[in-house]
Amino acid sequence: MVWGAWICLLSPLAASCLITLGGTRVSRRTAGWLATSACFVAFAGAVASFVGLLTHSASDRQFISTAWTWISGGSYQSGLSVLIDPLSTFMMLVVAGVGALIVWYSIGYMDGDDEERRYFAYMALFVFSMLLLVQAGNLILLLAGWGMVGLSSYLLIGFWHQRPSAIAAAKKAFVMNAIGDATMALAFFLLIQQGNSLEFGVLGGEFSSTVANLVALGLLGGAVAKSAQIPLHTWLPDAMEGPTPVSALIHAATMVTAGVYLIVRTHAIFEQAPKVADLAAGLGAATLLVAGLIALVQVDIKRVIAYSTMSQIGYMFLGAGVGSYPNAMFHLMTHAFFKALLFMTAGIVIHALVDEQDIRKMGGLRQLAPKTYWAFLVGSLALVGIFPFAGFFSKDSILAAAMAKGGVYGYVLWGIGLAGTFLTGLYTFRLLFIVFWGEPSAFVREHFHPLGRDVVAFSLAIPVGVLGVLSVIGGWIQFSPWWHPVETWLRTVAEPIVSPSSSQEWTSIALSLLLGLTGIGVAWAVYGAHRVAVPRVVWAQRTLEHKFYFDEAYDALFYAPSVALAKFLRRGVEQPLIADSGRDLGDDTRDLGGLVARAQTGLVRTYALAIASSVAVLAIVFVIVK
Amino acid sequence: MIALLGPEIAWYLSVAAFLFATGAFGVLVRRNPLIVLLSLEIMLNGANLALIGFSRNLGDGGGQIFALAVMAVAASEVVVGLGLVVALNRKRITLDVDRLNTLRG
Amino acid sequence: MTTLLICLPLAAALIVWVLPLNPVSAGSLSLLAALAEVGVWIQLLVRYDFAQGGLQFSEQHTWINDLGVSYHVGVYGFSVWLIGLTVIVMAAAIAYAFWAGRERARAYMGLMLFLTGAIVGVFVAQDLLLFYAFFEAMLIPLYILVGVWGGPGRLGATLKFVLYTMAGSLLMLAAIIVYGLSEGTFDLVAIGPSSSQWIFLGFVAAFAIKAPLFPLHGWLPDAYRESSPEVAAVLSGVVSKAAAYGFLRIAVTKFPQPTHDFRAPILALAATGLIYGSLLAFRAPDLRGVVAYSSLAQMGLITMGVFAVNDLGLDGSVLQMVNHGLVSATLFLLAGMVERRTLTGELGRLGGMARGRPALATVLLTAGVIALAVPLSSAFAGEFLILAGIFQRGWGWAVAGAVAIVLAAMYVLRLVSAVLHRDVGPAVSDSALDLRPAELGVTVPLLACLLALSVWPAAITQHSFHDDHAADDVLTQFK
């Protein structure tokens, strides 16, 4: 079990190092298979840990394996350790499993790229980082994984580094994440001061409410940055500059859901700081609404899916914020399945259309690529949460939990969540109808080229097929009114603090299903059958197209001032005061030296006379003083 | 006491001071490097005389030892100095110390 | 053992200076000596008893009896790491100089070896006057190395460097004399603590100039820009650590009361330097400028850790000294390698070098990533400990540090992108080669040290102070 966890953690790292060090001695195809098989080995390791845990009784499912002391300072110490408990194995399975499928898919998608080796080294590094994040045995290693994930996403988003837009997007993602890292680090400093430890157990200690609030706020800052929630969400749509499998890996299974994992993992502190937990739920609700609205007007196929990711993670934040941890994790899992599926089918579409991502040029692909269409349809239905697809089972129980939280706030959250299901149906099927229905557009007819029957096609098709199946059946493992194995499994780590009644469950199920179907219906009326014209409200559309002006505001508030400050310091302080002070000092010294140098006649006798007369003066002084 | 025989210490010091002043005057006013070197030797010998005088007066051998060391130094100094003079001569440079003022600031 | 560490490079320097060797044999002899020095250090590392801690391998011979001055050398746990940093970076610098080929190789190599011995001397001296002697002996070869082998603006740079460091040295000398005479001994181990603020400020001023701390960094940009890359690597990587070592070994340890009194202003200067350096690094127009100002920022951070005077801060600053030494040396050497290919360090004229140059891209990216202290790197471990330590002296300092972490991400990514990414810059020709094996041989070992430390930063933090209780060590004055 313990060795399973270590294998799970280290095999992607080993693959990454091998590919990097091997250089051109490793062929491109080999690099791809090396990374893929390493991820599958990691998945096997995760399964081994899972099976190992199953053999223990429910109360005895927490193991920490420490390799050595990683960092120390006086009596504070943290080990290089992995944690094996129900929550971490749950995440290991999702990350390694979905990750392996995506890396496999990449073999087909990246075929023919100049720098496949680098790509697969980065992918394996990413999977390692994510596994480090979820397996970390203490908070500082969690932060280490957290930062490594940020680094590898930077590398992957900026993979096509000749494109200025890709590099800008990568830098933006990294800096936004660094802000989150910084707030988390501050929270950890406070924890060290208060508890002198960064083990997970320290979070359960007794803290004053100020300390608990500050720590929870710091952690929330990290979670919000990583999970692209308002207000630190602006990096995510730009991150679509990376290759499509990267988008799938970052936005589906792994990175962006890390924030949810963090809240669930550290729920003890959030329970001591209920205001901050409410804030988390509120941010989630705001994000799911805002992202859903923005998704309505996007014209880039990947950006629509990216905004839907933000929106779905909003649901998870909502769930985690109200204290329904297992349901948040469950939604995380099903979301990983269907969102990876959607990204990968979108990738196939983009691939078939020679890297075109603008949906206005697409249309009628149902006739040309029926299998892709079906896969996309399955993913969309699961995303909207239509019975019996995966999203149905997980999303509704989050809404029920919001309802069970009660109070005005709980009902507001619940209402926003319901509104979100309508939006989800609308934007998802807007995309589907525009891309796949109708007659093939001129652009599609000209550029479409179907996949062959070679290795490339298979490595694209098989992972999509597997995820398609999972999107259909993956949700059935838990149906909250009747059976809940996920909740039972996670209960020892993250006991939910709300328990919806059965009537709340059924109300949420019925309403969200209804609203989701309404959304689909409206989308059909507008984009599928063209019965209704798209309503035009100029100011609303402009606001949405500018994504609520977040980018512009940050630019004006933070980036521009810091550049201006740096410029001012360079021109106003460094140059005149510091650099020139040195120069002036030098010049003055030289002038003074010139002055004194006149005494140097170059004649020994002058010097001798000076010496003699000085000695004489000294002698006289000596005699007089004595 | 042997130290009491012979002239008073003041006599020795007077002669030493005279020698030293003569030497110093020579160093300051003469231009020929050879004479300057010679004057230097006179200065050193004045100092030596003072050392030995004190040594005799105090009954301490240290002064005599020191005088021997000064002589050794003086000898090596003459070697260097004469070497310089010869070098100057070889380069057909006038033997006038006032012309050798390259060190002027 | 300790004396051997000092004398081996000095003797080698003498040999290189005296024997009429040709440049190649002079270079190989110097490199051999530098590597032998690394070997001696490894012996030291293995033999030092970390469980016991304290002063080991000490040697004492009377020098000036009446004044209580002696040749007293020895190593503590943390000095083992600083010596290691010195010998490794110096070996890399000498190897690079040998490979790149410098004019008058014998003189150059001799000076580099002499510098090695002097820096090691600074880290092992246990007598104030001896410390001062080594401190000055370290500066002299640097004056010559910058002034003779530097770039076009070398004279101005040297003049500034000399003026600043001389002023600092004189203050330190005055402080040493007053301190030593008033305590009746110059022995660093035996001398008692003092509460004199003036003596304290004399030491602090000297170290603050050498580090440098804001606003005493006037010499830094020019010296780092104008010297040859390996000298810049040594200056920022190793020589600046001598100042941080002085803060730790003398200022904080021997002057507990003044340290307490002046903590706020010193921390304020350090924090200002941290933010200020980071902002300037973000706008610096050239490669070396970015690294130079980031050095200013990092020295501010290290100073903050030292003046936190608690276990976390001191552990963190020792670790960060080693990290920053290795990483800034690597970056300066890389800057030199890039400049060799493009004849310019201007970021605006570079770009697109990643394409077709995988080794350069990988090495530069790795160094950059460690420089920006991405979590899991040893630099992260160091910064984390320092900030955790300083947090306990006031949360505001740690917030400043956290802001600087974000700024560091911004300036390092700007540097990396400007060199490697986007369109190919006008100064980059297609014939510019990837890193040669020799260049890899210089940079990869440095990076390997950093990666090894990333896997096990506790190697340093657990083995720097007795029983890992740095604050106690400082309190008892390392006795």
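## A tour of chains A, B and C

Select chain A to begin: its secondary structure comes to 25 helices and 2 strands. Here helices (H or I, at least four residues) and strands (E, at least two) are DSSP runs, numbered from the N terminus. What is open in the viewer is a predicted model, in which local features need pLDDT of at least 70, side-chain atom pairs count only at pLDDT 80 or more, and totals for chains, interfaces and linings use all residues. Residues are numbered from 1 along each chain as its sequence is written, while chains are lettered from A and ligands numbered from 1 in the order in which they are written.

Keep chain A selected and turn it. Along the principal axes, its C-alpha atoms fill a box of roughly 115 × 60 × 55 Å. Chain A has 626 residues, and 56% of them count as buried. A residue is buried if 20 or more other C-beta atoms lie within 10 Å of its own, exposed if 12 or fewer, and partly exposed in between, with C-beta atoms placed from the backbone. Of the contacts in chain A with a separation of 6 or more, 82% are between residues 24 or more positions apart. Two residues are in contact if their C-beta atoms, placed from the backbone, lie within 7 Å.

Next, select residues 63-73 and 76-84 of chain A. These are strand 1 and strand 2, which run antiparallel and are joined by 8 bridges. Two strands pair if DSSP finds at least two bridges between them. Click on A:I71: its bridge partner in strand 2 is A:S78. Then go to A:G74, in the hairpin of these strands, which has 2 residues between them; A:G74 takes a positive phi near 65 degrees.

Now select chain C. Its secondary structure comes to 19 helices and 2 strands, and its C-alpha trace spans about 65 × 60 × 40 Å along the principal axes. A compact globule of 479 residues would have a radius of gyration near 23 Å, and chain C, with 21 Å, agrees. The radius is taken over C-alpha atoms, and the globule rule is 2.2 Å times the number of residues to the power 0.38. Buried residues make up 63% of chain C.

Finally, show the three chains together. Of the 2 pairs of chains that touch, A and C have the most contacts. Chains B and C share no contact, and their closest C-alpha atoms lie 19 Å apart.
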